[in-house]
Amino acid sequence: MLSSNSATSAVTPKNVIGVSVLFLILAAIFGLFNSHKVKMLRTNAANAAAIRDRAEHRRATQGRNLETRETTAGEGAKIAEAENKAAKAEAELTQLQKEKSDLQSKVDTSQNEIASLQKRIEEAEKMAKPAANPAAASTPELQAQLDDARHQLDSAEKEKAFLSEKLQTTQERSTQPQEEKKRRETGTRKPGVRGNVLAVNQAYNFVVLNLGARQGVEPNSEMLVLREGTLIGKIRISSVEPATAIGDIITSSLARGVQVQPGDTVVYAGTNS
């Protein structure tokens, strides 16, 4: 009976409160530990997401570059051929300009020779007239000099006519490469230049164009996309090569259900400020 009472008296409200406080302290400790653990898990998850995003961006860039190389591979031969033609035209223009300069020099020399012969003829004609000076040369000699001078004058005039005709032909030939060069130089600076979409990557939302730095296309510029003369959207240039460019499709500019397709026309709208 005594032992039963002592056991009952041992379990008092004070003891119960103490045990409760102890459990609360333990719960708080475990709560703090779990909170720290959750924070670490969230940080790890954020880092993993960032790593995943970087890997996805890297794959997208690699895929974009690969598709660009594949698309432009077929254009490489055409570009090289065009560059070879341009180089040949430049060389031909240089040669024609040199030939033109030489011909002009010959024409000037011929003109001076003609003037000198004309002066000689005038002097010979004056001397051929009867003169009071008995020491003057005889008329047959003067006539022979006059005939020789006239023959040389005739030959010089014919040579001048031939050289002038050849010079005109050379000028006409040199005009064509100069005009072609001017058209190419003007085309590289001409705003509103047109091109076409070579390829479209719907997965990464970008296009490959047959326009590049040679046509004056610049990064961060916008281009209008037309189909049968109707505006369907816009793209923003992200990277530029000499003969091609990559542009990101501005999805907000497309109507519902409309997608950019290979063969669509693009118009360079200039740098987007």
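Colleague: Which residues have the most contacts inside the largest nonpolar core?

Modeller: In this predicted model, those are V207, L209, M223, I235, V260 and V266. The core has 18 residues.

Colleague: And which elements give two or more residues to that core?

Modeller: Six strands do: β1 (194–201), β2 (206–209), β3 (221–227), β4 (230–240), β5 (245–250) and β6 (265–271). Three residues come from β4, and that is the largest share.

Colleague: Let's zoom in on V207. What does V207 touch, leaving out residues up to four places away in sequence?

Modeller: V207 touches V197, A199 and V200, then I235, and also A245, I246, G247, I249 and V260.

Colleague: What other core lies apart from that one?

Modeller: There's another one of seven residues, and I114, A149, L153 and A156 are among them.

Colleague: OK, stepping back. How many helices and strands are there in the protein?

Modeller: Three helices and six strands. Along the sequence the order is α-α-α-β-β-β-β-β-β.

Colleague: How much of the protein counts as buried?

Modeller: 22% of the 273 residues. The accessible surface is about 18,900 Å², and carbon and sulfur atoms account for 55% of that.

Colleague: What about contacts between residues 24 or more positions apart?

Modeller: They make up 70% of the contacts with a separation of 6 or more.

Colleague: Speaking of surface, which residues make the nonpolar patch?

Modeller: I17, V19, V21, L22, F23, I25, L26, I29 and F30, covering about 860 Å². V19 sits in helix α2, which runs over residues 13–128.

Colleague: Switching to charges. How many salt bridges does the count come to?

Modeller: Two. In one of them, the side chains of E222 and R236 meet with N to O at 3.2 Å. E222 is in strand β3 and R236 in strand β4, 14 residues apart, and the pair links distant parts of the chain.

Colleague: Is E222 buried or exposed?

Modeller: E222 counts as buried, at 14% relative accessibility. R236 is partly exposed at 31%.

Colleague: And which residue forms a salt bridge with D264?

Modeller: R227, with the closest N and O atoms 2.8 Å apart. D264 is in the loop between β5 and β6 while R227 is in strand β3, so this pair ties together parts 37 residues apart in sequence. D264 is buried at 4% relative accessibility, whereas R227 is partly exposed at 26%.

Colleague: Where is A213 found?

Modeller: In the loop between β2 and β3. A213 is partly exposed, with a relative accessible area of 45%.

Colleague: What does A213 touch, not counting residues up to four places away in sequence?

Modeller: V240, E241 and P242. A213 and P242 are 29 residues apart along the chain, and their C-alpha atoms are separated by 4.7 Å.

Colleague: Last thing, confidence. What pLDDT does the protein average?

Modeller: The average is 75, and 73% of the residues score at least 70. Over residues 186–190 the pLDDT is below 50, and that stretch has four contacts in the model beyond near neighbours in sequence.

Colleague: How should predicted coordinates be read where pLDDT is low?

Modeller: Not in detail.

Key
Residues are numbered from 1 along each chain as its sequence is written. This is a predicted model: local features need pLDDT of at least 70, side-chain atom pairs count only at pLDDT 80 or more; totals for chains, interfaces and linings use all residues. Side-chain values use heavy atoms; hydrogens and water are left out. pLDDT is the predictor's confidence in each residue, from 0 to 100. Contact means heavy atoms within 4.5 Å. A nonpolar core is a set of buried Ala, Val, Leu, Ile, Met, Phe, Trp, Tyr and Cys residues joined through side-chain atoms within 4.5 Å. Buried means under 20% relative accessible area, exposed over 50%, partly exposed in between (1.4 Å probe, protein chains only). Helices (H or I, at least four residues) and strands (E, at least two) are DSSP runs, numbered from the N terminus. Accessible areas come from the Shrake-Rupley method with a 1.4 Å probe; for residues, only the protein chains shown count as cover. Patches are made of residues with over 30% relative accessible area and no salt bridge: like charges are joined within 9 Å, nonpolar side chains (Val, Leu, Ile, Met, Phe, Trp, Tyr) within 5 Å. A salt bridge is a side-chain nitrogen of Lys or Arg within 4 Å of a carboxyl oxygen of Asp or Glu.
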